[in-house]
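Reader: Please take me through one part of this model in close detail. I would like the interface between the two chains.

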Amino acid sequence: MKERYFLFLSALLVVVLAVVWMIPIYALVTTSLKTQQEVALQKYLVPPQQFQFTNFAKAFQVLKIGCDQGRILLMVNILTNRFCKSSTVLSRVRFPASKSLFQ
Amino acid sequence: MRYYRTQGLLFLVPILVIVGIFYGMIVWDFVVALTGWQGLQATWKFVGLYHFSRLFGLQRFWVNLGNNLRWLLFFIAPTVFVGFLLAYLLNNLGRGEKILWQIFLFPMSLSFIITGVLWARMYDPSSGLINSLLRFIGVNTSRLGWIALPQTAIYCMILAAFWQYLGFSLVIYLGAIKGIPYEMVEAAKMDGASHLTVAFRVIFPNVGHATLICTTMLAITTVKVFDLVWVMTRGGPGVSTEVLPYLMYRLTFDSRDIGMGAATSIVILGFSAVMVIPYSLWALKKWVRV
């Protein structure tokens, strides 16, 4: 009986905490779907009256340059990462300081 | 086919170059801190510890160091403690666990920039989410300034980081708890141990390796926290939320005082080394039996 009471209480606690943890994310997503007039009302927890994606369209227009640059960065990153995979060899070769460096 | 030592070293050249650049940068940092280098000018005047003495004379520096210590104290301990408790509770729950830990882990996928913008909006005294919620309940919010007040600003910022990093410690502890033999917990329960005793006397000593990983990773995050401060308050009301990396940025790129910036970065390096290395050695000896 006591065990079930504990389980119920802990489940309640964790679920309440999870809901609190999701509030910022919820506010973020719903605010992105609202119109400017709705946002100005400052009722963050009220869901948007009508889903509209014009905010996203505007954001992607602004972010276009950033997306291109991100793609270039990603490509360079992957290439250099492949290149750096030779570091695995470094941990296999025995040299005077290898023990203190890798073990 | 046989391999020779020279061939092996030849294959290592790319990574050796990269490692050389990494350590060369640290050496370069020391060189800049000890000379009167002015950026693009070639003036190599050795000034010794002049930059350091000027840095230690700044009131701002000590405030920032105190703030870094505050981050270490008030960020790591609650994150590790609450993460452990949550992991213990979730481990008992069984079925719902799989969805719930993902909810806590989700903020980890956001970058500090997004967290900063989000929480700065939420803390806004007049139109933020927290104050509007409190007003909805009927609390007088005229005195609750959150990040607008110098006394509470840094703790509000720490709370935002706590929100983001709780999932990290939770997941590490959850994995560690799953790894220890269940018979031990069973035996303790058979002997009539309460949940508190099981959590702190049986499980906690056996997940020392998770504690070590958690605290060390969070300490590294804490020492280099910059983006959250930059996005949320830009150093806060006055200098009340500035941390050392922020000071380094301001000195180097705003004041163009490159020597001072390099000196600050060396202080950060020393600070983190002094904090992390003795602690990890101690924790390795205490908790992880090699």
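Author: What follows is a look at the side of chain A that touches chain B.

This is a predicted model, in which local features need pLDDT of at least 70, side-chain atom pairs count only at pLDDT 80 or more, and totals for chains, interfaces and linings use all residues. Residues are numbered from 1 along each chain as its sequence is written, chains are lettered from A and ligands numbered from 1 in the order in which they are written, and side-chain values use heavy atoms, with hydrogens and water left out.

Start with the contacts (heavy atoms within 4.5 Å). Chain A puts 28 residues against 32 residues of chain B. Together the chains bury about 2700 Å². That is the accessible area (1.4 Å probe) lost on being put together, summed over both. Carbon and sulfur atoms carry 83% of it.

Now the polar side. Between chain A and chain B there are zero salt bridges (a side-chain nitrogen of Lys or Arg within 4 Å of a carboxyl oxygen of Asp or Glu). One residue pair is in polar contact, both at pLDDT 80 or more. Such a contact is a pair of N or O atoms within 3.5 Å; within protein, one must be able to donate a hydrogen and the other to accept it, and residues adjacent in sequence count only if both atoms are side-chain atoms.

Which elements of chain A give two or more residues? They are helices H1 (2-32), H4 (64-84) and H5 (87-90). H1(A) gives the most, with 16 residues. H1(A) also has the highest mean pLDDT among the elements of chain A, 85, on the predictor's confidence scale from 0 to 100.

Notes: Buried area = accessible area lost by both parts, 1.4 Å probe. Helix = DSSP H or I, 4+ residues; strand = E, 2+ residues; numbered from the N terminus.
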